[in-house]
Number of protein chains: 2
Amino acid sequence: MERLPAFRDFYPEPTPHADVWSADARQHIFAAWRETARRYGFREYDGPPLESLELFTRKSGDEIVGQLYNFTDKGNRAVALRPEMTPTLARMVAAHERNYKKPMKWFAIPQLFRYERAQKGRLREHFQFNADIIGETDPAADAEIIALLIDSLRALKLTSSDFVIRLSSRRAWQQFFSSRCADAGRAYDFYQAIDKLEREDESASRAKLGSLGIKLEDVRAFISASEPTAELGAVLKNLVARGLGDFVRIDYNIIRGLAYYTGVVFEAHDQRGEFRAIAGGGRYDGLVKLMSDGKVDLPALGFGMGDVVLLELLKARGLLPRSDAGLDVFVLIEDESLRPDSLKLIEDLRIAGCAADYSFIPLKSDKQFKRAVELNAAFTCRLERSTEGSLTAKLKNLKDRSERTLPPAEAVAFLASLSASRVPVPH
Amino acid sequence: MERLPAFRDFYPEPTPHADVWSADARQHIFAAWRETARRYGFREYDGPPLESLELFTRKSGDEIVGQLYNFTDKGNRAVALRPEMTPTLARMVAAHERNYKKPMKWFAIPQLFRYERAQKGRLREHFQFNADIIGETDPAADAEIIALLIDSLRALKLTSSDFVIRLSSRRAWQQFFSSRCADAGRAYDFYQAIDKLEREDESASRAKLGSLGIKLEDVRAFISASEPTAELGAVLKNLVARGLGDFVRIDYNIIRGLAYYTGVVFEAHDQRGEFRAIAGGGRYDGLVKLMSDGKVDLPALGFGMGDVVLLELLKARGLLPRSDAGLDVFVLIEDESLRPDSLKLIEDLRIAGCAADYSFIPLKSDKQFKRAVELNAAFTCRLERSTEGSLTAKLKNLKDRSERTLPPAEAVAFLASLSASRVPVPH
């Protein structure tokens, strides 16, 4: 039995081979995303992985169907596994925004799906950190969401030598386009052409732009010579005040391919240009209105950051920590008559917050110790009964091999205090 | 635009109305599950939400298709959204078990799907805590998985007054059946009849059992008079040694409906009998072999605990904590000339681990304070510039309204120290 092509299995580390993904690495980045969102005062939401097909075609047109994991369900509904989170967010916001004070700061970590022709290395699913601010037009909100993006990456120990936020303005590009092409219906084609400028060869770009009556040289001049818009200036100034100036630069090569952006747009890229974009986003002030049939009109902005490029980058920079069970203690049971007392000790350790393990079955002393070492436990603990009948706990630190003997309750308290200090970032 | 019927949206609290689920409550139970699994030395894994249809029909027969969310994908593959995690686990274990020492202790928190005729209150998806031990035949492993189940519920503050684990033996029932009915092919019908005994009326049960040549009275006598098997005795003794005896009782009414259990089986129920089962599981020693075409033969056991009944129970017992953004501090910006310094302070607070928020735009002092109170922030913090030009931070504790003035860096350190001590359970 095989898994479906272009889907992933996530195994505990050490992962057996390159075809297999690390569940620990995934949890590591999820924890960093969630923790950074918490510090920024963002609240978590989620919607169903399956939505009606219309939710996605309404926003992106029927041409998106070719890329969707869509099907007809048993109730004869046209449905799709969600390819992005923003339509679900817009739907949820439109339904219940009255119950929330503005601005709303919300995030989610959905799994997203697509169905394109299978290509080597091209997955049909990924996870994405989605963060959005709803109900604020001021560029201060744009700066806040970009700061969140920066600090999410810094929480994973990436620095300004590793990545940069390239900041641009869809509004500026929209003005550039409308001053040169009267056919507003072709704006999407124009955004697509600019979006692909860095990846396509020059003649293709020239032809596409030419069909819109726009010269490649004009585009190039705009990219290299444009001053930041007032909005972009405000965003930059705000980020500089936070001490985050090193992480951003204005770069009009960025436009974002999707049709619905209306203001500031941005992408996070690795500094060496070795990977695809790490994250991208921007302002989409008209989308909630569109998705709610005009009932709710709220400005909004956000970004999405996928797990795949991020994992590749962290791996390349040596920033994925080695993961194991994180055992605080392995309890050695060398005298089977002490198994009931040892089980009670293990229960007490776990209730106190320690990660504790042991051998289910009688094993030779050296094999139990070997297992403790394999599991990279911080300590071993062994009960002993004195001649007077009282129990003591012998602790051995597996790092420095130092030993100490304590009453069992004190051993539990000691190990629990170390355990608490060993887990700085919740996950 | 509506979400699909029988799917759920998860909103931040306070959730707007009864139709809507709390993303915070969901995170609360996910965190308790994950944290308890960590203490028990269980490692996280995950597979795709979509699998080939055959993965599920191989284990459960074609009759399961009527309950599956299955469809034919664009590549003409028969696929299904996973209805349970065990087939995926068995597939993953069969593929790579050689790389892991036994026993393997693994867990996952998948979203699962089904497609039955829509009924009121019947959902088409739920989340489930799945924990399994692979590679150990000793009843000590059965005791360990049951202890994990008990402590997962205790981590949510449920006590032995709230729930009980009803412990039984599929093996004992199998022997009961084969001593009375020669047609081994009808064993599944028998398990189903016993499983429904408490919920169906007597005449229906009597008829089903009669068709197998078995008397209801014999079944009743077996349930009320049977002694624990040696296995069950070992499990009980183990749990009593841990101090968990109050949480379990032998109860042969339990048999579990699924075909593949082979030994100890169990369910967690609320003590008042108001809800469906909270969790259920058991030993399934032949399944990995079946799923791997005989290539890998490993004993295994585990349980699944869904989020829906658990949330209902926690709600009924008043054990769902009130959730908010958990703000450590709301920074008041009353003098706009201090906005850049305030933004730096906010960045420093967040980097130090505090959850910090503020107003994006200039707002009257009292409105900012009102917002801080609405968000239930622990403190407000306001920068002031002295006549000599140095900055100080004025902190106000919103609980006791006490105030203190500190240099900004000390205010950050002070708030960070409180923040760290406020988060006992990671999430």
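Before anything else I noted what handedness means for two packed helices: a crossing is left-handed if the near helix is turned anticlockwise from the far one by less than a right angle, and right-handed if clockwise. I also noted that the model I am reading is a predicted one.

**Entry 1: two helices of chain B**

With that definition in hand I looked at α1(B) and α4(B), and I found that α1(B) passes α4(B) in a right-handed crossing. Helix α1 covers residues 23–39 of chain B and helix α4 covers residues 139–154 of chain B, and the two pack at an angle of about 140° with their axes 9 Å apart. I wrote down that α1(B) is therefore oblique to α4(B), since angles over 145 degrees would count as roughly antiparallel. I then looked up which residues make the contact, and they are B:Ala32, B:Trp33 and B:Thr36 on α1(B), with B:Leu148, B:Asp151 and B:Ser152 on α4(B). Sorted by class, this contact of α1(B) with α4(B) holds three nonpolar residues, two polar ones and one charged one.

**Entry 2: where the chains touch**

Next I turned to the two chains together, and I saw that 74 residues of chain B are in contact with 74 residues of chain A. On the side of chain B that touches chain A, helix α12 (residues 339–351) of chain B gives the most, with five residues. That side of chain B is made up of 36 nonpolar, twelve polar and 26 charged residues.

**Entry 3: the sheet in chain B**

**Entry 4: chain A**

In chain A I began with the division into domain 1 (10–316) and domain 2 (329–420), whose centres, taken over C-alpha atoms, are separated by 50 Å. Chain A has an open sheet of five strands with mixed pairing, in the order β16-β15-β17-β18-β19. Strand β18 (residues 391–397) of chain A runs antiparallel to β19(A) and is joined to it by four bridges, and here I looked up A:Lys396, whose bridge partner in β19(A) is A:Glu403. Helix α12 (residues 339–351) of chain A lies across β15 (329–332), β16, β17 (379–385) and β18 of chain A, and runs at about 155° to β16(A).

**Entry 5: backbone details in the loops**

Last, I checked some points of backbone geometry, and I found that the peptide bond from A:Glu13 to A:Pro14 is cis, with omega near 0°. A:Pro14 sits in the loop between β1 (10–11) and β2 (21–22) of chain A. In chain B a cis peptide bond joins B:Glu13 and B:Pro14, and B:Pro14 is found in the loop between β1 (10–11) and β2 (21–22) of chain B.

Conventions. Residues numbered from 1 in each chain as written. Chains lettered and ligands numbered in written order. Predicted model: local features only at pLDDT ≥ 70, side-chain atom pairs only at ≥ 80, totals over all residues. Contact = placed C-beta atoms within 7 Å. Nonpolar A, V, L, I, M, F, W, Y, C, P; charged D, E, K, R; others polar. Axes fitted to C-alpha atoms, helices over the stretch in contact; angles between N-to-C directions. Parallel < 35°, antiparallel > 145°, perpendicular 65-115°, else oblique. Domains from an automatic or database assignment. Pairing = 2+ DSSP bridges.
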